[in-house]
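Student: I have a model open on my screen and would like to learn how to read its features. Could you walk me through it?

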Amino acid sequence: MGEATALAVENAVASLVDRDDGRARTVIDGDDVIDAMEVEIEQICLRSLALRQPVREDLRFVFSVLKIITDMERTADQAVNIAKRALDLNSAPLLKPLIDIPRMATGAVAMIRDALRAFGDEDVALARDVFFRDDVIDDLNRQVFSELLEIMARSGAVGSVGQAADLILVARSLERVGDHASNIAERAYFMITGDRIKGTSP
């Protein structure tokens with residue numbers, strides 16, 4: 001499920017960068033598969049709680065999985081949002097070359113994969129690293145927003161303003177992907193240690 005989610009984000013942004021409507025539609029159509037995975041994993045966890053009655057570390061593991069799959073499903077929803085924006089944006093030449101949005105996507109997807117690796121390998125250091133990497137995605141989002149807001153103010157043309165607004169929404173979706181990846185890293189840290197990352201220093 002994690003890899004399917006990471007690929008959905010990658011493909012959604014690639015559909016915008018490469019002007020590939022088919023790839024965007026593949027992301028939108030594939031969301032049901034990720035939703036089905038979430039339901040299946042959730043049912044496994046609930047059966048484990050009912051039949052095995054796990055305690056302590058095992059209980060932390062099950063609760064962490066339940067929270068992680070929610071973050072992944074919401075991440076996949078953000079990929080769908082990006083793909084839908086791509087279908088709109090691909091119908092006309094872009095306002096400007098895409099530089100920071102692909103950088104945001106690369107960073108956010110790496111966070112997803114690393115957060116899940118931290119969970120699987122019980123790697124405390126990696127979980128902490130991923131959690132604090134979210135600041136980089138947030139900074140890029142603010143940079144994209146400021147730049148596009150300036151373009152909107154300068155242009156005033158309806159088409160340009162609409163495109164800039166769509167690109168702001170794409171960046172916002174990627175910022176949320178970073179938030180969800182950070183959440184997964186936090187769940188991994190809690191599963192391993194029983195403690196919270198929040199309140200600690202990078």
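Tutor: Let's start inside, with the largest cavity. Its lining is made up of Lys96, Pro97, Leu98, Ile99, Asp100, Ile101, Val144, Glu147, Leu148 and Leu167. Do keep in mind that this is a predicted model.

Student: How much space lies in the largest cavity?

Tutor: About 80 Å³. The count of cavities of 30 Å³ or more comes to one.

Student: Which helices supply at least two residues each of that lining?

Tutor: H4 and helix H5 (124–155) do. H5 gives the most, with three residues.

Student: And how do the residues of this lining divide by class?

Tutor: Seven are nonpolar, three are charged and none is polar.

Student: Now for the overall fold. How many helices and strands are there in the protein?

Tutor: Six helices and zero strands. Reading from the N terminus, the elements run α-α-α-α-α-α. The radius of gyration is 18 Å, close to the 17 Å that the globule rule gives for 202 residues, so the protein is as compact as a globular protein of that length. Its C-alpha trace spans about 60 × 40 × 20 Å along the principal axes. As for burial, 45% of the 202 residues count as buried.

Student: Let's turn to pockets. What volume does the largest pocket have?

Tutor: About 200 Å³. A pocket, unlike a cavity, is an open set of points. This one is lined by Ile41, Ile44, Cys45, Ser48, Phe61, Val62, Val65, Ile68, Ile69, Met72, Leu116 and Phe119.

Student: Which helices supply that lining with at least two residues each?

Tutor: Helix H2 (21–51), helix H3 (57–89) and helix H4 (100–121). H3 provides the largest share, six residues. By class, the lining has eleven nonpolar residues, one polar residue and no charged ones.

Student: What does the second largest pocket look like in terms of volume and class?

Tutor: Its volume is about 160 Å³. The lining has nine nonpolar, three polar and one charged residues. There are 13 lining residues, and Ala4, Ala8, Thr26, Gly30 and Ile34 lie nearest the centre of this pocket. Helix H1 (2–17), H2 and H3 each supply at least two residues, with the largest share, six residues, coming from H2.

Student: Next, aromatic rings. How many aromatic pairs does the structure hold?

Tutor: Two. To classify a pair, look at the angle between the ring planes: under 30 degrees counts as stacked and over 60 as edge-to-face. The rings of Phe61 and Phe119 have their planes at 20 degrees and their centres 5.6 Å apart, so this pair is stacked. Phe61 lies in helix H3 and Phe119 in helix H4, so the pair ties together parts that are 58 residues apart in sequence.

Key
Residues are numbered from 1 along each chain as its sequence is written. This is a predicted model: local features need pLDDT of at least 70, side-chain atom pairs count only at pLDDT 80 or more; totals for chains, interfaces and linings use all residues. Side-chain values use heavy atoms; hydrogens and water are left out. On a 1 Å grid over the protein atoms alone, a cavity is a set of points where a 1.4 Å probe fits but cannot get out, and a pocket is an open set with protein on both sides within 12 Å along at least five of seven lines; lining residues have an atom within 4 Å of a point. Grid points are joined across faces, edges and corners, and a volume is the space filled by probe spheres set on the points. Helices (H or I, at least four residues) and strands (E, at least two) are DSSP runs, numbered from the N terminus. Ala, Val, Leu, Ile, Met, Phe, Trp, Tyr, Cys and Pro count as nonpolar, Asp, Glu, Lys and Arg as charged, and the others, Gly among them, as polar. Rings of Phe, Tyr and Trp (its six-membered ring) pair if their centres lie within 6.5 Å; planes under 30 degrees apart count as stacked, over 60 as edge-to-face and the rest as tilted. The radius of gyration is taken over C-alpha atoms; the globule rule is 2.2 Å times the number of residues to the power 0.38. Buried means under 20% relative accessible area, exposed over 50%, partly exposed in between (1.4 Å probe, protein chains only).
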